[in-house]
Amino acid sequence: MNYKERYDGRKVDELRPIEAKVGVIPRATGSALFKIGKTHALAAVYGPRELYPQFLQDPQKGILRCNYNMLAFSGAGERVRPGPSRRSREISFVMEKALLPVIDMEAFPSTVIDVFVELVQTDAGTRCAGITAAAMALADAGIPMKDLISAVAVGRMGGNIVLDVTKEEEDYEGGMADIPVAMSTRTGEVTLLQDDGDLTKEELMKALHLAKKGCEQIKKVQIQALKNRYKGE
Amino acid sequence: MDIIKQHVLTNLSKGMREDGRQFMEYRPILVEYGISPKSSEGSARVKIGGTEVVVGVKMEIMEPYSDKPDEGSLMINAELLPLSNPDFESGPPAIESIELARVVDRGLREGKAVDFKKLCIKVGEKMWVVVVDIYPLNDEGNLFDAASLGALAAIKDAKFPIIENDHIQYGKLSDKKLPVQHLPLECTVWKIGDSFIVDPGKTEEASGEARLTIAVLEDGTICALQKGGDKGLSFQDIEKMVEIAIEKTAELRGHL
């Protein structure tokens, strides 16, 4: 069994239609919306702000705190039970680690930067869409960063490596691996890497190169969205 | 940079580790099966040097999930006991224990360690759920690899309990072992400064900048990945770490 034609007719190295907008939540220090196909992620940054309880403060550097959440009606199947789950807590944790390498947290000792990511609608690739939105929101908040972080999930579908997998592809019965990747395309550093599913080393390396290609395209959209936010009237 | 990290980095750059081991050398490994034969359906103790983890398997009967009516299921839980490390606290699960459980879970699930079809008792009505609980008793570093090895050992040790009158007769085990079909094992490779090491001790973990946990099957296929740590990794780093894990998991499998 082999997966040659993609369910939605895309090429193996083609992203779903993407759309980005920065400054969508006026109350927040920074915010962004990122849509990739039917996956829509909203991110808001509050801070740097005072961190309580005080014992959590680090006098050497600020703390980045991410919260990933799916809205109750955002799942493909049953209603998503509100509140943190093991899954959402782990994703929040890996999102922090995905964003940290490009942020200069030493500029904000004893403070916290809160990043709230809400998934409004989902069709796989939610942690990647969340990270991509969060990176734009952090830039919008004026946090000093070495680079943007861009993220996309790549997958092995049968014998093919494909870019930006959908839920339908995730459920493919013929054997698949789902590999979310986040990276700084400027430095080539991978800041998030996970995998669910069988892969050879060669397939993994091929997947990483494909992810980089996708991230470079996403980054262009991120930069354009940030420029649009700050261009004069 | 704190003084301990500086010390670890300086030593590693000279090719030295805190306890004199080679960079790719695990501490002595001990796997013991059936440590709680009266109460659990399967159990194991794993020691990697001073790090000690106990794992128990309990079996339950539940209704299958609607999307997988002919399959059983697996649940992995880890609790970082305050008894094992002064930094662990009682209370609701910390993110570290959630990550540990989910990473071990991903390795076993994606590596198809247990044949879920053979855990089905009656399609759409009854299935076996294999519940694996992981507890560190002493944390001297590398809980990920110890937990992965311990979970697989406990699953290998487990037998189905006897069912009488539609109820599980806990304490009475049948001769039938769990349907273990693959042996996925995890190796966590750490990058500290420019050095790669496996099986870190506590000070090495505290100095670590990036880690990659790689679950590998018998034939060298990767089945799960989890990157951790505050720094990024280059493609070359990842390739190197995967090569290390493929080699080291083959060695770890020899202890099962």
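Axes are lines fitted to C-alpha atoms, for helices over the stretch in contact, and angles run from 0 to 180 degrees between N-to-C directions. The model used in these exercises is predicted: local features need pLDDT of at least 70, side-chain atom pairs count only at pLDDT 80 or more, and totals for chains, interfaces and linings use all residues. Residues are numbered from 1 along each chain as its sequence is written, while chains are lettered from A and ligands numbered from 1 in the order in which they are written.

**Exercise 1. Describe how helix H2 (residues 95–110) of chain B meets helix H3 (residues 143–157) of chain B.**

Step 1. Helices (H or I, at least four residues) and strands (E, at least two) are DSSP runs, numbered from the N terminus. The axes of H2(B) and H3(B) come within 10 Å and cross at roughly 50°.

Step 2. That angle makes H2(B) oblique to H3(B). Angles under 35 degrees count as roughly parallel, over 145 as roughly antiparallel, 65 to 115 as roughly perpendicular and the rest as oblique.

Step 3. The crossing of H2(B) and H3(B) is right-handed. A crossing is left-handed if the near helix is turned anticlockwise from the far one by less than a right angle, and right-handed if clockwise.

Step 4. On the H2(B) side the contact is made by B:Leu100, B:Val103, B:Val104, B:Gly107 and B:Leu108. H3(B) contributes B:Leu143, B:Phe144, B:Ala147, B:Ser148, B:Ala151 and B:Leu152. Two residues are in contact if their C-beta atoms, placed from the backbone, lie within 7 Å.

Step 5. The residues of this contact between H2(B) and H3(B) divide into 9 nonpolar, 2 polar and no charged. Ala, Val, Leu, Ile, Met, Phe, Trp, Tyr, Cys and Pro count as nonpolar, Asp, Glu, Lys and Arg as charged, and the others, Gly among them, as polar.

**Exercise 2. Work out what chain B brings to its contact with chain A.**

Step 1. The contact takes 26 residues from chain B and 25 residues from chain A.

Step 2. On the side of chain B that touches chain A, at least two residues each come from H2, strand E12 (222–228) and helix H5 (235–253) of chain B. E12(B) gives the most to that side, with 7 residues.

Step 3. By type, the side of chain B that touches chain A has 11 nonpolar, 6 polar and 9 charged residues.

Step 4. Strand E9 (residues 189–199) of chain A and E12(B) run antiparallel and are joined by 4 bridges. Two strands pair if DSSP finds at least two bridges between them. A:Leu199 stands opposite B:Ile222 in E12(B).

**Exercise 3. Is strand E8 (residues 176–184) of chain A buried or exposed, and which strands pair with E8(A)?**

Step 1. In E8(A), 9 of its 9 residues are buried. A residue is buried if 20 or more other C-beta atoms lie within 10 Å of its own, exposed if 12 or fewer, and partly exposed in between; C-beta atoms are placed from the backbone.

Step 2. Both faces of E8(A) are covered, with A:Met176 and A:Asp178 among the buried residues on one side and A:Ala177 and A:Ile179 among those on the other.

Step 3. Strand E6 (residues 150–157) of chain A runs antiparallel to E8(A) and is joined to it by 8 bridges. Here A:Gly155 stands opposite A:Asp178.

Step 4. E8(A) also pairs with E9(A) in the antiparallel sense, over 5 bridges. A:Val181 is opposite A:Leu193 in E9(A). The hairpin of E8(A) and E9(A) has 4 residues between the strands, and A:Gly188 takes a positive phi near 80° there.
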